[in-house]
Amino acid sequence: MAKIVVAGGTGFVGEPLVRQLLGRGDDVVVLSRNPQRVRAGRGVQWDGKSAGPWASELEGAAAVVNLAGENIADGRWTDDRKRRLLASRLDATGAIVEALSSNAAGTALINASAIGFYGDRGDEELDESASRGEGFLADLVERWEMTARKAEPFARVVLLRFGIVLAPEGGALKKMLLPFRMGVGGPIGNGRQWMSWVDRADVLSMIGWVIDNKDVRGIYNATAPEPVRNRDFTRELGRALRRPAVLPVPPFALKILFGQMAEEALLAGQRVLPRRAEDDGFAFASRTLRDALASTR
């Protein structure tokens, strides 16, 4: 049994992660602004901005898993919202790094990141050695990772660059299900942009693998081995739901509704490969999109 501290442990990835860790016998502490909302694990109050009494919970922890950060896709990227998106990540990560500086003996910091780092790269295959791209997301991710890496002198730091995490209970897939079930789903724009997806169950398994393997450190792409183009994703989702997937969403409508977010997060794409994870022995349960969508109805 190990002690694991999770920040962001009530979210789409965090809560099932906490349940998985509890299921294998770990002692799990959940850092939360609203501990009363914590339904799994032991909730501890924190403000997500600065070190405080919660920092003592890091003592003796085998790992701190930081999933904290405001949802990128929850609204139009106004200047104010961009500031909040950035601050929610830098403040939380900075507070954890500060707390680890005096409580980090033997601790790993497993910090969420994102494939937005690579920017819009067309058909280029991108592994962990690929350079930074352009745009707001690339800048946000770079600054987020730099903040987490300040813990490297005293902790084992692992940065997981998440792709589009799939599970029907939430995230991007839940938002897609209603229009597809109504028969009005379809590709975004020309559908040629790459979607680097990953099944949520594989994300949870990867985090457990990182916790248990002390030689694992640095940057890992948390994406399935077979990214697909958007048009193929929509066709496969339509097949899983037994619904047509032929009505394209025009780019101009997305740009009117979502502005810069549409250009960077919906119409752009990255063809990302999890080279380091596979080279180091991690096995994906859902290697193909059909595997991941098999239970979606």
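In what order do the seven strands of the open sheet run?

1. The order is β3-β2-β1-β4-β5-β7-β11, with parallel pairing. Strands are DSSP runs of E, at least two residues; helices are runs of H or I, at least four; both are numbered from the N terminus. Two strands pair if DSSP finds at least two bridges between them.

2. This is a predicted model: local features need pLDDT of at least 70, side-chain atom pairs count only at pLDDT 80 or more, and totals for chains, interfaces and linings use all residues. Residues are numbered from 1 along each chain as its sequence is written, and side-chain values use heavy atoms, without hydrogens and water.

3. β3 (42-45) and β11 (218-222) are the edge strands. Each has a single partner, so one side of each lacks a neighbour in the sheet. Neighbouring strands are turned by 25° against each other on average, direction ignored.

4. β4 (residues 63-66) and β5 (residues 108-114) pair in the parallel sense over four bridges. Val64 stands opposite Leu109 in β5.

5. Helix α3 (residues 136-149) packs on the sheet and touches β5, β7 (156-162) and β11. Its direction makes about 175° with that of β5. Angles run from 0 to 180 degrees between N-to-C directions; axes are lines fitted to C-alpha atoms, for helices over the stretch in contact.

6. α1 lies across β1 (3-7), β2 (27-32) and β4, at about 160° to β2.

7. The axes of α1 (residues 14-23) and α5 (residues 200-212) come within 10 Å and cross at roughly 50°. Pro16, Leu17, Gln20 and Leu21 of α1 meet Arg200, Leu204, Ser205, Ile207 and Ile211 of α5 (contact: heavy atoms within 4.5 Å).
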